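Here is a short briefing on one structure. Please keep the sequence and the model in view while reading.

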There are 2 protein chains.
Amino acid sequence: MQPDLSALATTLGADHDGYLLDADGTDSTQRYLSGFGAPDPFVTCYTPDGVHLLVSGLEYGRAKKEARAATVSRLSAYDYRDRVGELGRETGRGVVVADFLADHGVESVLVPGRFPLGTADGLREAGVTVEVDEADAVAEIRAVKTPEEIDHVRRAQRANERAMAAAESLLESATVVEGVLHHDGDALTSEAVRREIELTLLEEGCALDETIVACGADAADPHDRGSGPLRADEPIVIDIFPRDTETRYHADMTRTFLKGEPSATLREWFDLTDEARRAALDAVEPGVTGATVHDAVCDVYEDAGLPTLRSDPDAETGFIHSTGHGVGLDVHELPRIAPDGAELEPRNVITIEPGLYDPDVGGVRIEDLVVVTEDGYENLTEYPVELVV
Amino acid sequence: MQPDLSALATTLGADHDGYLLDADGTDSTQRYLSGFGAPDPFVTCYTPDGVHLLVSGLEYGRAKKEARAATVSRLSAYDYRDRVGELGRETGRGVVVADFLADHGVESVLVPGRFPLGTADGLREAGVTVEVDEADAVAEIRAVKTPEEIDHVRRAQRANERAMAAAESLLESATVVEGVLHHDGDALTSEAVRREIELTLLEEGCALDETIVACGADAADPHDRGSGPLRADEPIVIDIFPRDTETRYHADMTRTFLKGEPSATLREWFDLTDEARRAALDAVEPGVTGATVHDAVCDVYEDAGLPTLRSDPDAETGFIHSTGHGVGLDVHELPRIAPDGAELEPRNVITIEPGLYDPDVGGVRIEDLVVVTEDGYENLTEYPVELVV
C-alpha cells in the first residue's frame, strides 16, 4: 500500500513546484518519499506528477528496481564529477541538482528544516527558490500510518515483548547476594541483561538500537543506559525500542522491575505512574490534542504533590519529560504527546510513557505503545505491568 | 588523548569566529567535536577558546559530565520553547542559536555542507554570517587518527575477523546437494550466514550495521546485500563493517569464498584482484595520492584487458567503484582512494578493496584495512586470502 501523498501537493500550493530531499537512506523522510535506501546521500523530488530520483551510478540499478519513483536519473548524466571538481563539492552538487530540477520543470522547492545548507546555497545561486517547510509536511503525513505500517509496528512490538520477557526472566531467576543480583554465580549486570535483550531481538529479526537497563540512581536519569551490577530493592528501568530490519519500523516499550522489597515511596511512585498511564490512555481519541493527554499525566502527579515540568519548568526531579511521541520509521516522530502536542488522528501510533525520577529514590517509567482508532485507541502492548519480579 | 583541533583555528582565519554544528549524536563530526552523543540534535560551536555546547534540559546533566566542552548551556536559558512557539520550529531555533553564539562573541560561522538549512536561515535572519566550509575541515582532521583511535579500529577489526571466520567455517562445513550449500539438512542461505556474523559481532561488543553475503549474480552488484540459498561453484562475497559499540569506531573487510570448483574466469579474476590489492598496497605511503593508489589497481585490471571506470566512465562490468576510503567513526570517511583522492598522511586509516563484477560471472572483491605509517603502511587485517573453502 502506497502512502497517501496528496497532502503534499496541497502543501506545495501555487508557490512551489516540488518537495526536495537530499539525504541518505538512514533519513526516514527520504526512505518514506523515495521508497529507497542507499548509504550515500541521494536526491528525491516529489512533484504532483510523481517522484523523481537522482542517484549515483552505483545505486542506479537498484534504485530502478526498488524505488517508488516515476523516474530515476544518474549523477553522471549531469557531469557531476566534473562540476564538483570545478565548483567544489557543495556548490557543484547544487548546480547538478538545479539542472535535474529544471528537467522536471521545477523552479521553486520546499525542503525540510534539516535539508543540507550546501546544496541549498548551490541551488539558490543557480536561481532555484528554496524555502524551508516550517510545517514539516512529510512528517505530518508519516504520522498517520497505513494499515500495513501498523502491522509492521505490531510485528516489531511482538519481538519487543519477547525481549522484555527474556530480560524479566533473568531478573526473576536471579539470586540476591549481599544486595546484588546474581546469575550463574556472577553478579548480574545491566550489560548482561542488555546482551540477553539484544540476542533475543536479533533472533526476532530486529536491529539493535540502544537499550536502557538502568538501576537505582542510573534509572533516575531518563537517558542513562545503565551499567554495572543490578541491586535488590532498587527499581530497574528497562526501555527497549527495536527496529525490524526488514520493514525498518520500530516498537517501543518500558517496564520497571524490582527484585526484593520496594520502599513505600517506590511502591507509591509505581502505582501513581500506572494510574497516570491509565489516565493518559483514557484521554486518547481523535480530536484530542497531545497536550491534553500530557495534561492527564501531569494532573495525576501534581494531585499527589509531585513536581512536573508543567508546575515547575526547572524541575530536576519528578515528571521531567513529555508523555510520549509517535513511532514509525523513526523511534521518535510525530505526533508529540507533550505541551505543544497537536490533535490526534486515527492511525497515529504513539507511546504513553509517564515516569518519575529522583536520584535519591531511583526512577520509575511505564510505557505502552498504542494506535489511535476512530473512537479511542488500541493498545499494541501485550505485557503485564508488575513491579516486583 | 584529545584530537588536535588546531587546524580548525587556522581554517576559521580572520573571517570567522566559530565552527558550528547542529546535529544529533549519530553525526560523527558532531561526536568528534563535542565528545558527546544525544538522540536529538544539539548545537556545538568550536571557537579558538574552546568548545561550547547548547543542549536540551534532558541532556544537560550528562553533557556536563561527558562532553569535551568548555561550557554547556541549556535551550531553556534562551527561552527556546516560547520562541519556537512564536516563530516556528526552524526560525525559532535559529534565533536561539544566534543568542547562544552572541554570548560567546561569535558573529560569523563556518558550517559543514550538510548543516541544516532551517537553522542557517534563522541565523542569517538574525544577522549571523553563515558560510559553508567547502573544504570540510573537520573531516580532514578526522582523517588523521590519534594512536588511541587506531587502537579502536584495530579492536573492531579483531572482532571482524572472528565474524569472518565464523562465516567461512559455515561455508567450509556445508555439504552440497544439487548445487546448493546445505547445513544441518537445510539449504544454507545468505540470511543464515549473516545471522552467524551478527551473533559473533554481538558477542564481540560490536553493533550490527549491514553486512553483505552475496552469491553469484547478487555478488555482481557491489551494494547488493544478498539473499536466498548459496550455490556451489559460484563466488560468495562477504563484506563486514562492524562498529564497536563502546568506542563507535569501525572496521571493514571483504573476502570472496567459493565452495566447489571455480571456473577458469573466476580463478583468473580472483588472482587478478589479489594482484591489484597487492599493487595498491605497494603504492601506499605518505605523500602519494589516493588517486595514484587507485591508478595502481586500474593498471592491473586494464593490463589484463578488463574494463574499469577509468577506461570507460560508463562501464557497468569490470572494476566499477573506487579502490577504497577512510574508516573511523564513519565507515566511509576521508581520505578517498579514488580518482579525486588527495595525498595520504601518516595515521590515515584506509581500505584497499579492488573488485570485479559481471552478472554473468558473479563478483569478486578483496578488502584489507590498513593504517598509513611514516614510510608505508601497516596492514590491520589478519585474515588469509583464499578463494576455495
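How are helix 9 of chain A and helix 9 of chain B oriented to each other, roughly parallel or roughly antiparallel? This is a predicted model. In it, the two helix axes cross at roughly 170°. Angles over 145 degrees count as roughly antiparallel, and helix 9 of chain A and helix 9 of chain B are therefore roughly antiparallel to each other.

**Helix 9 with helix 9**
- Helix 9 covers residues 190-203 in chain A and residues 190-203 in chain B.
- The axes of these helices come within 11 Å.
- Chain A contributes A:Arg195, A:Glu198, A:Leu199, A:Leu202 and A:Glu203 to the contact.
- Chain B contributes B:Arg195, B:Glu198, B:Leu199, B:Leu202 and B:Glu203.
- The contact residues divide into 4 nonpolar and 6 charged, with no polar ones.

**A:Asp368**
- A:Asp368 lies in strand 20 of chain A, which spans residues 368-372.
- A:Asp368 has a relative accessible area of 2%, so A:Asp368 is buried.
- Its side chain makes a polar contact with the side chain of A:Arg277, at 2.6 Å.
- Leaving aside residues up to four places away in sequence, A:Asp368 touches residues including A:Arg255, A:Leu281, A:Ile350 and A:Ile352.
- A:Thr351, A:Asn379 and A:Thr381 are also among the residues that A:Asp368 touches.

**Annotated domain**
- UniProt, in an unreviewed entry, places the feature "domain: Creatinase N-terminal" at residues 28-143 of chain A.
- Over residues 28-143, chain A is 48% helix and 21% strand.
- The end C-alpha atoms of this stretch are 12 Å apart.

Terms used
Residues numbered from 1 in each chain as written. Chains lettered and ligands numbered in written order. Predicted model: local features only at pLDDT ≥ 70, side-chain atom pairs only at ≥ 80, totals over all residues. Heavy atoms only, no water. UniProt positions renumbered as here; feature names shortened; annotations may be inferred. Helix = DSSP H or I, 4+ residues; strand = E, 2+ residues; numbered from the N terminus. Buried < 20%, exposed > 50% of the residue type's maximum accessible area, 1.4 Å probe, protein only. Polar contact = N/O pair within 3.5 Å; in protein donor to acceptor, adjacent residues only side chain to side chain. Contact = heavy atoms within 4.5 Å. Axes fitted to C-alpha atoms, helices over the stretch in contact; angles between N-to-C directions. Parallel < 35°, antiparallel > 145°, perpendicular 65-115°, else oblique. Nonpolar A, V, L, I, M, F, W, Y, C, P; charged D, E, K, R; others polar.
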